[in-house]
Amino acid sequence: MAYILKKGSHRLYEPVLPNIEDWPISKLTEEKKHFLEELISNSGEHVKALLNNDPQLMHEEIARTLYKERIRMKTNPWRVDGDMQPHEKVFWNKVKKSIVENSLQKAKGEHLEQEHEIFYSIIERYANEIMGNFSPKTYMQVSGVITAAFRRLLNPYALPGKAKKNKLRDRVRLTGPLEKIRSLAEQGTVLLVPTHFSNLDSVLIGWSLDALGMPAFLYGAGLNLFDSRVFGYYMNRLGAYKVDRRKKSSLYIETLKMYSRMTLERGCHSLFFPGGTRARSGQLESRLKLGLLGTAIDAQRLLYKRGLVQNMGGAIDKGRKIFVVPLVINYHFVLEASSLIEEHLRRSGKEQYYILKDEFPTMKKLTEFSLKLFNSKSEIILSYGDPMDVFGYKVDEQGTSLDKNGRPVDISSYFITNGEFVKDTQRDTEYTRMLGEHIIKQYYEKNTVLSSHLAAFVAFNMLLLRYKKRLDLYGVLRLGKEDRIIPYQQFAQVMERLREEIRTMSERGEIKLASHMYGDIDRLIKHGMDNLNAYHSKKPLIKTKEGDISTEDMNLLYYYHNRLKGYELEKHI
Amino acid sequence: MKSTSNKTIYGVIGAGSFGTAVANILAENGEVILYARRQVVIDSIQATGENRGQKMNPRVRMTNDLESLCQQCNIIFPVVPSSAFRKMMQSAAPFLKPHHILIHGTKGLNVLPPDGSETLQAGIPVSRMAVRTMSDIILEESVVLRVGCLSGPNLAKEIAQGQPAATVIASRFDEVIKHGQTALKSPRFRVYSSHDITGVELAGVLKNVMAIASGILNGLELGENAKAMLISRGLGEIVKIGKALGAKSQVFFGLAGIGDLIATCSSNLSRNFTVGHRLAKGEDLDHILETMKEVAEGVKTVKLAKSLCLHYGIKAPIVETLFQILYNKQGMAESMQYLMTNDLSVDADFWE
């Protein structure tokens, strides 16, 4: 049976590749067995090279991995841990047994081969755990179900077939150079790097990519999300691969990175959240995890190298290109805001022992959130950034990299030194750091200011300024009710001033403004408050009986205010 | 990419005294193409075999064609005055490609005043955002990413005489350092390395402030104690300002920091030193600058250092005193009194 996608009511664009079986991700699943073998062998070789091929260092690395895994199993077990066969306890006991035996035999010098066996069996286990599947059938089903569910939520009173007036695309807005991104998906590999505020991000992104007619993306999902059997079932079939942040051994991390590198090399469009986890504070990411990002540089280098070999040293700008696309997701309110900010404050308050809680929201909570989201007429804006190559140069529709003067740049020669194509890990680490800076720059530029963000930013900063001399941040967060009141007129004046400043910044391309940000300031304040308050039971921003501004929850106000931190806007308060 | 690793052609942009010295050292390890903007300079070098009192190594070829230099050389050393650096980069940018490695030898900074004006007004606070190092300019103006800088106590005249000397190549990239070391290695020239390129660039500029101060001490006929006080306290101020701009403090205790500072404060040949000396002898600054052939970078650096101190809230009495002397015509006696009585009395306070 063929799985052919069509442009439909929810899919805004013609599919880039209509036949799902042509998608790189489908092909990857078809060749899974072969791919896994290659992944295991490459990861093993890579780790061995990192350990200088020294049997003693290898032995120590295996022991270290065992030690870390045993601690993890004891202190932080998840339901999903038991899913793999053999059970992890059985597996690691076996590893322990052979390490002990080997240590006893060490003097005889006979253990080397056996250690290779354990070494590869660990990598094999990791590789099997990481790699997911992709099922065209499930994809077709889910794409239909999600759209139908969204449409229903949008307009619960609409009769079937009459939902056109209130389309999802009006509620979830996609902005940015969408046509260009679609065109690049045909010519190269797209690596989407979104900001991360909520577990809903991936659902939204998945929907938006489908709406754009893009093929499915490979996506690294936290293993904890597979704790939910229903979600796990679907994610496993939708191209998600598993990332377990509890596993810190270099054997695991290198296998994960190798997986990412190899899939990018094969042309699978991918998605990572370069911030690592959801932003606890609500602030835009300003520091990225460079490990996975580095695999994009690695993959690009290898693609060029292959191009170079094929062309026998001729023109080498022939390798398939990787296009990095930052994406900023703008919510008026965030599903997990309360628990995220609490965790952030506990961490930054230097509380020493906290347990990483990262469970997926319950169905009840999700439904409640979605209903409130759609009933409040709240919109979510997904701002797609400008596609760039792995060196941060903007690219044109054909994928050609352009410098700031519009001159084409042959980026393949960044891997060339004094006339020779060379591998240089230190150099590539620097390139990765630079790529991270380019991504962050775009996060700030594509961040779209919503009325709720601005209202929270102004209110919190006005309180902070008022008590600055006497109280630190924690003191301000504990302010009593009567001390949180801001006279409305003052508030409105500052709102006006900041909006003007942000407007000037947006003209310079430093930030973006949502379309509702213009017009009467009183209307804007109401818009912001309505949106902020639509979800939370304790309201982040309220109007008192006297008509002044206050809050029922300082922590939430702080959380939403953080969204505009990092622009030095505070000085205009 | 006509060159290969066994027959490297190095490029040098700028035929000033240090550019010439660098070209001559490079010529010991390969062929060199030296770019001079003005044809008269090229003609004179070709006619006499000498430039700025230095005999040219025959392996140095002259050119005034930037395009051909960029095509023939993978590793290029720009050594032009900081005031002309951006313009030079803009002319070279169309010919520079991603495979190029650039290691500059220019000690200087560009300032982009926050108010958008051409030059920095005296006494206005400015942050790192308004400062461009030469490597910042290379990254801004060209597609070259692999950038390094060459700095240290390198008085061109002594290098030309073949006296032993050492320098630092700083870059975030190991390969830039490695290629720079290979290019410059010589029995009389030792090349050390650092990853802190910002620190090395800042150290090379901020020491100019102390060079003026050293000239003043000399003009006032003060002795070695005063000079030692200047160098050690001056270093402390340089460290504080450098750290505020993102440098690590270690670099200031190496060749590019204390090394360069000692050489600069001991030499009575530099333009900055001369400015200080003549000030101490009672001359007026405007008159001194009018009668000098070349720009004394230090005068601008004092203004910038003061602005940075204002922004970051740094206490730096030597910078402050020089600023008052240069920009507010404060007298020598008053200045010395301030220096000897200000309330900073903790030694080595820059670690805090």
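Author: Contact here means heavy atoms within 4.5 Å. Helices (H or I, at least four residues) and strands (E, at least two) are DSSP runs, numbered from the N terminus. This is a predicted model, in which local features need pLDDT of at least 70, side-chain atom pairs count only at pLDDT 80 or more, and totals for chains, interfaces and linings use all residues. Residues are numbered from 1 along each chain as its sequence is written, chains are lettered from A and ligands numbered from 1 in the order in which they are written, and side-chain values use heavy atoms, with hydrogens and water left out.

In chain B, an open sheet of mixed pairing has eight strands in the order β5-β2-β1-β6-β7-β10-β11-β12; two strands pair if DSSP finds at least two bridges between them. Because β5 (60-63) and β12 (189-194) of chain B each have a single partner strand, they stand at the edges with one side lacking a neighbour in the sheet. From one strand to the next, the twist averages 25 degrees. Strand β11 (residues 165-171) of chain B runs parallel to β12(B), joined by six bridges; B:Ala170 has B:Ser194 in β12(B) as its bridge partner.

Helix α1 (residues 17-26) of chain B lies across several strands, including β1 (9-13), β2 (31-35) and β12 of chain B, and runs at about 175 degrees to β1(B). Axes are lines fitted to C-alpha atoms, for helices over the stretch in contact, and angles run from 0 to 180 degrees between N-to-C directions.
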